[in-house]
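Please look over the sequence and the model before reading on.

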Amino acid sequence: MILKLCYYNNPILRKKAEKITEITAEIKQLAEDMIETMDVSNGVGLAAPQVGKSIAMFVMREDNYDEKGELVLGDAKVFINPKLSNPSKTTNFLNEGCLSLPGLHLEIERPDTVHIEAQGLDGKLFKGEVKDYFARVIMHENDHLNGVLFFDRLSKKEKNEILPILKKIKEKYAKLLD
Ligand code: ZN
């Protein structure tokens, strides 16, 4: 089922998401629906607060390229109760967008690598070091679980410059607030 997206300035996007204590059938269904919603929206990641659920889960899809250099859809991954640590001191800038802020694309600085520990849908804990684009998507989605939006990572001056765009997005989607 395709879920309704929550847009800036829906207050749910600013809340800290609750930890998931039990991976119920409902959570599994939500994860499946989030993957479907992410795919139809052409997103690379989607966090539960973006579909109106303030719980600590996000999904992402890692795109791969075949030997001919053509894009093949990677596996969808589910992250429950993620914990990020040990971000590298070295950073990189890359253009980011967000399904909750349609039309806004910004160069965001993020660490090159980060350590992640999370549960999968089977409840099993997995952990490891992630890097580059994969790390960036994970950090962006994890920010959503802490009520942080990607433009929060800009400098004050840069943030001031995008205020008119934020205002437009806010007005356009205000009527969709639940
Ligand atoms: Zn986002």
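## The zinc site

His144 is buried, with a relative accessible area of 1%, and Cys98 is buried too, at 10%; buried means under 20% relative accessible area with a 1.4 Å probe, protein chains only. The model is predicted: local features need pLDDT of at least 70, side-chain atom pairs count only at pLDDT 80 or more, and totals for chains, interfaces and linings use all residues. Residues are numbered from 1 along each chain as its sequence is written, and side-chain values use heavy atoms, with hydrogens and water left out.

Cys98 (SG), His140 (NE2) and His144 (NE2) coordinate the zinc ion at 2.0 to 2.2 Å. Donors are N, O and S atoms within 2.8 Å of the metal (3.2 Å for Na, K and Ca); water is not among the atoms, so sites may look incomplete. The donor spacing in sequence is C-x41-H-x3-H. Cys98, in the loop between strand E6 (91-96) and strand E7 (106-111), and His144, in helix H2 (residues 132-145), are 46 residues apart and link distant parts of the chain.

## The largest pocket

The largest pocket has a volume of about 300 Å³. A pocket is an open set of points on a 1 Å grid, where a 1.4 Å probe fits, with protein on both sides within 12 Å along at least five of seven lines; lining residues have an atom within 4 Å of a point. Of its 17 lining residues, Val44, Glu96, Gly97, Cys98 and Tyr133 are the closest to the centre. H2 gives the most to this lining, with 6 residues.

## The second largest pocket

This pocket has a volume of about 200 Å³. Its lining includes Lys16, Asn81 and Asn142. E5 gives the most, with 4 residues.

Terms used. Helix = DSSP H or I, 4+ residues; strand = E, 2+ residues; numbered from the N terminus. Buried < 20%, exposed > 50% of the residue type's maximum accessible area, 1.4 Å probe, protein only. Points joined across faces, edges and corners; volume = space filled by probe spheres on them.
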